[in-house]
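Me: Before I plan around this structure, I would like to go through the terms used for its residues and ask what stands behind each of them.

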Amino acid sequence: MARASRFVGRPVADPRWAAADRELPLPLLVLMYHGLHEGRDDAGHFDPRYSVRPAAFAEQMALLGRQRSRVVAAPDGPVRDTSPGSAPAILISFDDGDASNASVALPCLLEQRMPAVFFVTSENLGRPGWLAPDQLSELADSGMRIGSHGASHRFLSALDPSELGEELAESRDALQRACGSRVDWVALPGGRGAARECDAARDLGYSEVFGSVPGINTSTPSDQPLQRVAITRDLDLAGFAQILAWRGTAVHRLCWRHRLLSLPRALLGDARYDQLRTRLVR
């Protein structure tokens, strides 16, 4: 039986929520969040780069509301084109399944009437600092979309074809059982993957694949993941506004950082690069 959304009965005149039952438009800017933490003592898994302060997140959602940005999270259907040159629609996404997604992000999203998609690593469900199964259900019951972030967060690009299929299928099945909603979007763990991973996901019934290369999606090539923009702890509200407009120094820094980090990743390989990053973060 389909779960009742917390938004049932609310007016749908707001274009952000009216869009939630339609296909995602193009151009599309996908914002990528992780955990929301004031500091290391907060519940969840703090990351000095990706843990956005709760107050900053609230300011960002309020800005989206003031600008009346078109925030969307379609339950099904392919992405469709809109008129060239139109302002990009916004899709809010969260990766990993940090406990703060339910305790901090969800109340703020409900207050601003913003839909979002939560890409969850299924094997983390119920573990300390991660979403519990009942919290996942709460997200789905509240009208949020649940997506896969792999079963174990292993980089899909490092798996052989059999392992790749198991990782994608097991995650989807476990999340669907836990939340009672269809799971047919997947975000690549670590953003690692390209044509092979997209093909494998679509062969298993996933309709959309998301990566982590920064940019605005103006087309949807079937052999490449959709681009997303990481929102980080050091980004101030002025920089966030620049990202929404996709111009300014914040955008240039973001794109240059991605290009610069691509070099050590290529030289060291994914596993050694992430080991080094983990040591530096600690």
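**Terms and the values behind them**

Reply: In this predicted model, His153 has a relative accessible area of 29% and is partly exposed. His153 sits in the loop between strand 6 (145-148) and helix 5, and its phi is near 70°, a positive value in a residue other than glycine.

Me: Why is His153 called partly exposed?

Reply: Buried means under 20% relative accessible area and exposed means over 50%, with partly exposed in between; the relative accessible area of His153 is 29%, so His153 is partly exposed.

Me: Why does Arg113 count as buried?

Reply: The relative accessibility of Arg113 is 17%, and buried means under 20%, so Arg113 counts as buried. Arg113 is found in the loop between helix 3 (100-112) and strand 5, and its phi, near 60°, is a positive value in a residue other than glycine.

Me: What makes Leu131 count as buried, and where does Leu131 lie?

Reply: With 1% relative accessibility set against a cut-off of under 20%, Leu131 counts as buried. Leu131 lies in the loop between strand 5 (117-120) and helix 4 (133-141), and its C-alpha atom is separated by 4.5 Å from that of Ala99, although the two residues are 32 residues apart along the chain.

Me: Why is strand 2 described as largely enclosed by the rest of the structure?

Reply: Six of the six residues of strand 2 (residues 28-33) are buried, so the strand is largely enclosed by the rest of the structure. Leu28, Val30 and Met32 point one way from strand 2, while Leu29, Leu31 and Tyr33 point the other way, and all are buried.

Me: How do you know that strand 2 pairs with strand 4 and with strand 9?

Reply: Two strands pair if at least two bridges are found between them. Strand 2 and strand 4 (residues 89-96) have six bridges in the parallel sense, so they pair; strand 2 and strand 9 (residues 229-230), which run parallel, are joined by two bridges, so they pair as well. Leu31 stands opposite Ile92 in strand 4 and opposite Val229 in strand 9.

How values were computed
Residues numbered from 1 in each chain as written. Predicted model: local features only at pLDDT ≥ 70, side-chain atom pairs only at ≥ 80, totals over all residues. Heavy atoms only, no water. Buried < 20%, exposed > 50% of the residue type's maximum accessible area, 1.4 Å probe, protein only. Helix = DSSP H or I, 4+ residues; strand = E, 2+ residues; numbered from the N terminus.
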